[in-house]
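Work through the exercises below with the sequence and the 3D structure at hand, and compare each step with the solution that follows the task.

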Amino acid sequence: MLRSYGFNGAGAWSAVDVMRTQEQPLVYTIIVYPMNSYRNQHRKKFGGSYDVAGWQGYRFDLPLVFDNEFEEYVRRAIEPLAVYKDDPYLLGYFTDNKLPWRNDALDRHLTLLEKEEQGYIAAQKWLDARKGKESTVEDITQEDRMEFTAFFFETYMQKVTSVLREIDPNHMYLGCRFNQEKEQELTNPRIFEVAGRYMDIISINHYHKWQPLQEQMNQWGEWAGKPFLITEWYVKGEDSRLPNATGAGWNVATQQERGLFYENFTLELLKNPSSVGWHWFRYQDNDPENLRTDPSNRDSNKGVVDSEYNPWLPLLEHAGKVNRQTYSLIRFFLIPINSLPAPPVVVAPSKHLMFPPASQPVGFRRGLYSPTRYRSGWEATKEKVTGYEAGDNNESPYNPPLLFPGSLRKDRIPEYLVDDLYGIHSG
């Protein structure tokens, strides 16, 4: 079913070993949890829970990167991946998910941790080397904070990637799935600069927006010097008869509107030369009767199929419309206008005219998301693209409604590109 709607891969939390038994598996990714596993062990020192912790469960919102014991958990999590190192269907690996990388991490280490803790000792040593042993927390500037975030995050990167490259030198490292914006990693250039030195693709879970913003995506690409992959996003339909009370995604009225949201969001990604794909969260709806899952995945319409595997066809049909035309859409948005035949009508505004990016994977996760393999040099791959005969929607990139400005409308696309966008095309 997934391939019939243009999805071409499987992402984090998929049934990887079952998929690998197929003659031609979907391209897949693997996630492991070295920091999460160490945190679970560490909090036993505090009676099984921390007095103060952020929503990701880390004490004072600080990953324990400076603890020497963490290195044991890195190796324990990554060594089993050796069995996948020669598999051509594996795209790469994620380590952990949504770790908190706060801009005030230096202050937190020095004011909230006990002086004998390894995190405090490392932070104080860093501050002494930067400003002198007489310096105190009152001497910390915003520039100091940003520089410490780079040191803090790079400590995690070094420990994780050194073991990963040793165990599997053949596949990509896809990062730790950035998530937070306000005073955290998604707005911190120093974090992205470090990420660009260690990650092959920057993974980003992207919520709380109807569409990704071009200015922000441009910043991510410029700061990191690497492409990015959106690894979580979704909206929930109120016509699903589920409570939809959990999860970060917003609610819309119908499955049709979920489909329009999919179109609008992905079209914005296709306009950006640093974007190499997206991962819809997730394949199957939450099962409200499954109380073993975490509360954020308990009662919501996140999937492309319901909990009984019945497909949400309006969503899938809209998703397939974009997925099958990915490369044609890239050409439409990103190839300079002077390289195309003289158009009979005005085409996209100049902000869309950028250099083509890497191959654009599409898909989603928990059994289903995409990417095709990233190629160095950001070369667009050439492969057969089967078009979709679209109906006439009321939305377009050039005459947008309020919520879904990017949905496709055939009569708004230049006539000389209509066949390329909606017919069967070999790229």
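This is a predicted model: local features need pLDDT of at least 70, side-chain atom pairs count only at pLDDT 80 or more; totals for chains, interfaces and linings use all residues.

**Exercise 1.** Describe how the axes of helix 7 and helix 8 cross, and list the residues through which the two helices meet.

*Solution.* Begin with the axes: those of helix 7 (residues 189-198) and helix 8 (residues 214-224) come within 7 Å and cross at roughly 55 degrees. Helix 7 is therefore oblique to helix 8, and the crossing is right-handed. Next, take the contact itself, in which Pro 189, Phe 192, Glu 193 and Gly 196 of helix 7 meet Trp 220, Trp 223 and Ala 224 of helix 8. Sorted by class, the contact comprises five nonpolar residues, one polar and one charged.

**Exercise 2.** Locate His 208, decide whether it is buried or exposed, and name the residues that it touches beyond four places away in sequence.

*Solution.* His 208 sits in the loop between strand 5 (202-205) and helix 8. Because its relative accessibility is 54%, and exposed means over 50%, His 208 counts as exposed. Leaving out residues up to four places away in sequence, His 208 touches Ala 248 and Trp 250. For His 208 and Ala 248, which are 40 residues apart along the chain, the C-alpha atoms are separated by 7.4 Å.

How values were computed. Residues are numbered from 1 along each chain as its sequence is written. Side-chain values use heavy atoms; hydrogens and water are left out. Axes are lines fitted to C-alpha atoms, for helices over the stretch in contact, and angles run from 0 to 180 degrees between N-to-C directions. Helices (H or I, at least four residues) and strands (E, at least two) are DSSP runs, numbered from the N terminus. Angles under 35 degrees count as roughly parallel, over 145 as roughly antiparallel, 65 to 115 as roughly perpendicular and the rest as oblique. A crossing is left-handed if the near helix is turned anticlockwise from the far one by less than a right angle, and right-handed if clockwise. Contact means heavy atoms within 4.5 Å. Ala, Val, Leu, Ile, Met, Phe, Trp, Tyr, Cys and Pro count as nonpolar, Asp, Glu, Lys and Arg as charged, and the others, Gly among them, as polar. Buried means under 20% relative accessible area, exposed over 50%, partly exposed in between (1.4 Å probe, protein chains only).
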